[in-house]
Number of protein chains: 2
Amino acid sequence: MNLITRNTDYAIRALCYIVKSNKDIVSVKELVEGLKMPRPFLRKVLQELNKKGILRSYKGKNGGFVLATRPENIYISKLIEIFQGPIKLQEHTFKKKICPEIKSCVLKKKIDEVENYTILKVNSLSIASLLKTGK
Amino acid sequence: MNLITRNTDYAIRALCYIVKSNKDIVSVKELVEGLKMPRPFLRKVLQELNKKGILRSYKGKNGGFVLATRPENIYISKLIEIFQGPIKLQEHTFKKKICPEIKSCVLKKKIDEVENYTILKVNSLSIASLLKTGK
DNA sequence: TGTAATGATACTATAACAGTATCTTTATGT
DNA sequence: ACATAAAGATACTGTTATAGTATCATTACA
Ligand code: FES
Ligand code: FES
């Protein structure tokens, strides 16, 4: 099981790269060279970040991407939500009720606790905080 | 994302059923009727539990399954391990190192914390403890 | 107006998960 | 003995999420 899928991971690393680069604008070309990712996949990821207002894109020659949100305000939780949807660790709440006593079920409660803990953790992490300790 | 997959879930509920039934031996037929699960899938699950020493099976007419381990000693963590392998929430440790600074990476550390918390939770739950509060 | 960039979108590949189908083996009741 | 009802073993199929590719349209600069 993977808490963070490939596209979210690429997003995180691309954003970190853009911040660290200290450039006015960063193109996909540069990102691919710097981060060794498959170009078309990364492009899709960046386009999504643009749509969601995390990045701002510029088309045409010398185009590329610029941060549209300050690194302190880009939370990992937000990125996960964009690429993977809301964090949830169990399905049986809305799928067919496979558990006989869904309200009192201890197992469900425990998993809810894990879920809350997970959300807490990813909420406490921003792109900025990743870079701070990374250097 | 699902912390507990269908086969693990079926295993949990089948084991609970067997304990609650208070019978000498329980057949797949009865389990299917009581729990409304697809018979061939449940059979596969039970066979696995037999192989792993959680259940003991009896072949032939009037055959079926019996608990081979006391409910207090059947941990959810064990069942997860049997059907889903060891609990891990990130892959990038052994897959190609996509993170530039894997040792100092804050993200990895946080996910490790979530992982440990998760393991703690499922280690604290046994079939017996599920039934205690379930009644 | 050519070119180098992104936007949009449809397609393909892979793997994990979920479930089925079929045949073999074993024990039991008659 | 033997029909029958159980589990064992194993191979196959369907479905979904993830990962990645391919193509064409649009835009802006020089
Ligand atoms: S709510 Fe699903 S097992 Fe209890
Ligand atoms: S170790 Fe994978 S993102 Fe840091």
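Me: In this predicted model, is A:Lys36 buried or exposed?
Reply: A:Lys36 belongs to the loop that lies between α2 (28-35) and α3 of chain A, and its phi is near 55°, a positive value in a residue other than glycine. A residue counts as exposed when its relative accessible area is over 50%. The relative accessible area of A:Lys36 is 72%, so A:Lys36 is exposed.

Me: How are the rings of A:Tyr10 and A:Phe41 arranged, stacked or edge-to-face?
Reply: A pair of aromatic rings is described by the distance of the centres and the angle of the planes. Planes that are over 60 degrees apart count as edge-to-face. The centres of the rings of A:Tyr10 and A:Phe41 are 5.4 Å apart and their planes stand at 70°, so this pair is edge-to-face.

Me: Which helices hold A:Tyr10 and A:Phe41?
Reply: The pair links distant parts of the chain, since its two residues are 31 residues apart. A:Tyr10 is buried, with a relative accessible area of 6%, whereas A:Phe41 is partly exposed at 28%. A:Tyr10 lies in helix α1 (residues 6-21) of chain A, and A:Phe41 in helix α3 (residues 39-51) of chain A.

Me: What is the relative accessibility of B:Asn62?
Reply: B:Asn62 sits in the loop between β1 (55-58) and β2 (64-67) of chain B, and although B:Asn62 is not a glycine, its phi is positive, at about 65°. B:Asn62 counts as exposed, and its relative accessibility is 71%.

Definitions and conventions: Residues numbered from 1 in each chain as written. Chains lettered and ligands numbered in written order. Predicted model: local features only at pLDDT ≥ 70, side-chain atom pairs only at ≥ 80, totals over all residues. Heavy atoms only, no water. Phe/Tyr/Trp six-rings, centres within 6.5 Å; stacked < 30°, edge-to-face > 60°. Helix = DSSP H or I, 4+ residues; strand = E, 2+ residues; numbered from the N terminus. Buried < 20%, exposed > 50% of the residue type's maximum accessible area, 1.4 Å probe, protein only.
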